[in-house]
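Try each task before reading its solution.

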Amino acid sequence: MSYLYDLLDDFLSLLFPRLCYGCGNHLVRNENLICTECYVAIPRTNYHTFKDNPVEQLFWGRCLIQRGAAFSFYNKGSRIRRLIHNLKYKGVKEVGPELGRIYGRSLKGSEFMSAIDIIIPVPLHQSKIKMRGFNQSELICMGLSESTGVPFDIVSLARVTGSSTQTKKSRYDRWTNVEGIFHITDPELIKGKHILLVDDVITTGSTIESCSSELLKVEGVRVSVAALAYAPV
Ligand SMILES: [Zn+2]
């Protein structure tokens with residue numbers, strides 16, 4: 001029976017080929033969204049295994065981040081770049097939880113992850129949610145939570161609506177406007193917790209900086225940071 005099932009499976013994949021979202025090659029049986037070659041070839045940073053790594057250094061003198069990490073380097077033309085592009089701009093939502101699960105499996109049991117009480121995604125602007133239909137960081141958090149067993153929270157940190165008219169402002173105004181674009185909905189939910197703040201890509205770190213400055217106003221909160229990719233500017 002399973003032979004017949006496999007045969008049918010092969011036949012269907014001839015008619016409707018399943019392709020890898022990292023490289024475009026055909027997926028074989030047991031591969032899901034990402035082929036084995038991409039899975040192996042994604043250049044891991046392993047930043048969670050050592051302190052004072054480049055992601056942590058990015059926040060030195062800016063905000064108090066306990067630990068910082070990123071799954072992969074965001075090189076030009078890289079597989080992780082194509083995967084994130086498919087997730088954010090091609091609407092392939094399933095890639096978010098899948099990458100989160102993969103990253104979560106390397107974080108699970110590490111000193112980095114065992115200190116975390118709760119995972120919180122960087123909130124996306126309402127206009128982008130309307131356009132995209134989802135917040136990619138939320139999807140990544142779902143996967144991270146699934147493979148690490150650490151709960152995630154999408155309500156405590158929110159974006160203040162109505163601060164989207166940044167394009168008409170001067171550079172200085174834009175810079176000052178970053179302050180206060182996030183707010184805490186219910187401090188009681190996160191009081192005393194060590195939060196893992198999650199974004200898809202870390203570049204300048206300014207979004208993380210403004211999120212954590214709000215989170216750190218709550219009593220006893222500590223913040224660590226993780227992203228799928230690190231793209232230094
Ligand atoms: Zn691939």
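**Exercise 1. Compare the radius of gyration of the chain with the value for a compact globule of 233 residues.**

Solution. Start with the rule: the radius of gyration is taken over C-alpha atoms, and the globule value is 2.2 Å times the number of residues to the power 0.38. Next, take the box along the principal axes: the C-alpha atoms fill roughly 60 × 45 × 35 Å.

Two notes before going on. Residue numbers start from 1 along each chain as its sequence is written. The model is predicted, so local features need pLDDT of at least 70 and side-chain atom pairs count only at pLDDT 80 or more, while totals for chains, interfaces and linings use all residues.

**Exercise 2. State how many helices and strands the chain has, and what share of its residues is buried.**

Solution. Helices (H or I, at least four residues) and strands (E, at least two) are DSSP runs, numbered from the N terminus. Counted this way, the chain has eleven helices and six strands. For burial, count the other C-beta atoms, placed from the backbone, within 10 Å of a residue's own: 20 or more makes it buried, 12 or fewer exposed, and anything in between partly exposed. By that count, 33% of the 233 residues are buried.

Now turn to contacts, where two residues qualify if their C-beta atoms, placed from the backbone, lie within 7 Å. Among contacts between residues at least 6 apart in sequence, 73% join residues at least 24 apart.

**Exercise 3. Describe how the two domains meet.**

Solution. First find the bounds, which come from an automatic or database domain assignment: domain 1 covers 1-41 and domain 2 covers 42-230. Their C-alpha centres are 31 Å apart. Nine residues from domain 1 and nine residues from domain 2 take part in the contact. Then sort the domain 1 side by class: seven residues are nonpolar, two are polar and none is charged. (Ala, Val, Leu, Ile, Met, Phe, Trp, Tyr, Cys and Pro count as nonpolar, Asp, Glu, Lys and Arg as charged, and the others, Gly among them, as polar.)

**Exercise 4. Is Leu-33 buried or exposed, and is Asp-52 buried or exposed?**

Solution. Locate Leu-33 in the loop between helix H1 (2-15) and helix H2 (36-41). Leu-33 is buried, because it has 20 C-beta neighbours inside 10 Å. Its phi is positive, about 65°, although Leu-33 is not a glycine. Asp-52 sits in the loop between H2 and helix H3 (54-58). With 10 other C-beta atoms within 10 Å, Asp-52 is exposed, and its phi is also positive, near 60°. As background, most residues other than glycine have a negative phi.

**Exercise 5. Which residues does Cys-63 touch, not counting residues up to four places away in sequence?**

Solution. Cys-63 lies in the loop between H3 and S1 and is partly exposed, with 17 other C-beta atoms within 10 Å. Leaving out the residues up to four places away, Cys-63 touches Glu-209, Ser-212 and Ser-213. As a check on distance, Cys-63 and Ile-208 are 145 residues apart in sequence and 9.3 Å apart in space, C-alpha to C-alpha.
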